[in-house]
2 protein chains.
Amino acid sequence: MEHLREELEELNNRLLEMSGLVEDSIVRSVNAVVNRDNEQVLTVFNNEARINKLEIQIDNLAIRLLALQQPVAIDLRFVTMSIKINNNLERMGDIAVNIAECAHSLLGMPAIKPHIDIPYMAKLAQDMIRSSIDAFVRKDAELARTVLRSDDAVDKLRDEMYADIVKFMEEAPSRVHPGIDYLFVARGLERLADHATNIAEDVLFFVQGVDVRHHAEMSQNPL
Amino acid sequence: MEHLREELEELNNRLLEMSGLVEDSIVRSVNAVVNRDNEQVLTVFNNEARINKLEIQIDNLAIRLLALQQPVAIDLRFVTMSIKINNNLERMGDIAVNIAECAHSLLGMPAIKPHIDIPYMAKLAQDMIRSSIDAFVRKDAELARTVLRSDDAVDKLRDEMYADIVKFMEEAPSRVHPGIDYLFVARGLERLADHATNIAEDVLFFVQGVDVRHHAEMSQNPL
């Protein structure tokens with residue numbers, strides 16, 4: 001039982017490490033776009049290798065835990081959720097790489113920008129990611145619900161950004177190429193918010209599972 | 001033991017049902033773009049609700065199986081992989097919805113197209129998806145490796161498509177808007193191929209886990 005607690009704690013810490021790395025990549029990739037900073041691009045590329053390695057370690061840890069500790073009830077749900085969140089975080093790291101690639105592409109073009117607020121959209125997405133992970137770690141359904149509500153704000157902002165980028169691109173053929181990079185940056189941020197929403201939905205399912213478990217315990221059901 | 005086999009079989013069948021539905025959505029979303037067919041758009045939207053429901057059923061099945069059957073070794077890896085693949089498939093269903101949304105947006109615009117081969121790219125992505133799922137179900141590392149090799153072909157095709165779409169958009173401001181929709185269709189297909197690649201990488205890890213298990217069994221390690 002003591003080992004189970006220790007290993008769950010280890011899994012928890014590794015997931016936080018993973019989400020910290022992914023968050024770092026997102027911040028740097030956005031900075032790379034906004035400040036035209038190639039150093040940040042390279043750091044994001046380096047982070048990716050660490051994120052991929054950590055993904056495998058977390059999967060192995062979760063499988064080991066299932067095999068050796070055979071957790072039940074809420075602990076079992078915690079481990080299976082970890083596997084899903086781990087998968088989502090790895091994809092989010094890939095999106096940060098995509099954004100960094102756009103930053104790199106934009107460096108080869110004149111420094112003109114559409115009138116869009118990338119840092120604000122990035123901040124929204126980042127807050128959603130952090131809240132979704134916190135909601136998981138603290139088993140906090142209310143926090144998970146705030147993430148679901150934020151998704152509407154992101155969708156609205158996304159529509160405005162797309163309209164502004166289209167206008168920017170229509171002004172001159174030379175703006176089509178950089179416009180596409182900005183479009184993919186906006187799309188990347190939108191997808192990050194989608195991933196956070198997916199995690200938050202899973203957390204609600206996870207926490208609802210806790211309620212199910214309370215009834216189930218009475219009937220000796222290990223769920 | 002008999003129950004374990006039955007429940008693994010059930011999980012297997014549900015995953016195949018899920019991947020069948022997702023594949024259907026992909027085919028329809030691409031047809032909707034190519035043939036300007038709004039009927040297909042609506043079917044993809046309807047599929048999404050079924051896919052989301054099935055995702056929850058599969059997760060519950062996997063958690064139930066872990067709790068009640070406590071599988072070890074390769075069976076345990078099969079179940080944890082199922083959770084990851086399930087997550088990937090749900091995301092792929094979302095991508096099909098994105099493509100269908102592009103089809104819907106294109107219906108409101110004149111029927112001019114960039115010179116790009118969407119059906120071919122779609123066929124490549126679809127083959128990769130089917131092979132990655134087959135590789136999982138048959139525990140076939142060689143088939144998984146063919147998926148990884150296909151990813152280069154998709155990336156090359158993607159670069160060509162992007163260049164053609166940019167050229168198309170640069171020709172007239174009125175082409176910017178439809179061009180963006182085509183761009184997102186191409187991007188969606190690329191991401192579908194990425195998901196298939198992720199699954200194939202996981203399958204290799206899964207099958208390698210089988211080898212590890214053979215050594216492990218001798219030392220009584222449940223992995």
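## Working through a predicted model

In this model, α1(A) and α2(A) are roughly antiparallel to each other. Keep in mind that the model is predicted.

**Exercise 1. At roughly what angle do the axes of α1(A) and α2(A) cross, and what does that make the pair?**

Step 1: Two packed helices are described by the angle between their axes and the distance between the axes.
Step 2: Here the axes come within 9 Å and cross at roughly 160°.
Step 3: Angles over 145 degrees count as roughly antiparallel, so α1(A) and α2(A) get that label.
Step 4: As for handedness, the crossing of α1(A) and α2(A) is left-handed. The residues of this contact split into 15 nonpolar, nine polar and seven charged.

**Exercise 2. Compare the reach of α1 of chain A with what is expected at 1.5 Å a residue.**

Step 1: Helix α1 of chain A covers residues 2–35, which is 34 residues.
Step 2: At 1.5 Å a residue, 50 Å is expected.
Step 3: From its first C-alpha to its last, α1(A) reaches 49 Å, close to that value.
Step 4: Now look just past the end of α1(A): A:Arg36 takes a positive phi of about 50°.

**Exercise 3. Do the check again for α4 of chain A, then list its buried residues.**

Step 1: Helix α4 of chain A runs over residues 118–138 and has 21 residues, so at 1.5 Å a residue it should span 30 Å.
Step 2: Its end C-alpha atoms are 30 Å apart, which agrees.
Step 3: The buried residues of α4(A) are A:Met121, A:Ala122, A:Leu124, A:Ala125, A:Met128, A:Ile129, A:Ser131, A:Ser132, A:Ile133, A:Ala135 and A:Phe136.
Step 4: Just after α4(A) comes A:Lys139, with a positive phi of about 55°.

**Exercise 4. Which element gives the largest share of the side of chain B that touches chain A?**

Step 1: Start with the contact itself, where 26 residues of chain B meet 26 residues of chain A.
Step 2: On chain B's side, the elements giving two or more residues are α2, α3, α5 and α6.
Step 3: The largest share, seven residues, comes from α2(B).
Step 4: By type, this side of chain B divides into 18 nonpolar, four polar and four charged residues.

Note on methods:
Residues numbered from 1 in each chain as written. Chains lettered and ligands numbered in written order. Predicted model: local features only at pLDDT ≥ 70, side-chain atom pairs only at ≥ 80, totals over all residues. Helix = DSSP H or I, 4+ residues; strand = E, 2+ residues; numbered from the N terminus. Expected span 1.5 Å × (residues − 1). Axes fitted to C-alpha atoms, helices over the stretch in contact; angles between N-to-C directions. Parallel < 35°, antiparallel > 145°, perpendicular 65-115°, else oblique. Left-handed = near helix turned anticlockwise from the far one by under 90°. Nonpolar A, V, L, I, M, F, W, Y, C, P; charged D, E, K, R; others polar. Buried ≥ 20, exposed ≤ 12 C-beta atoms within 10 Å, placed from the backbone. Contact = placed C-beta atoms within 7 Å.
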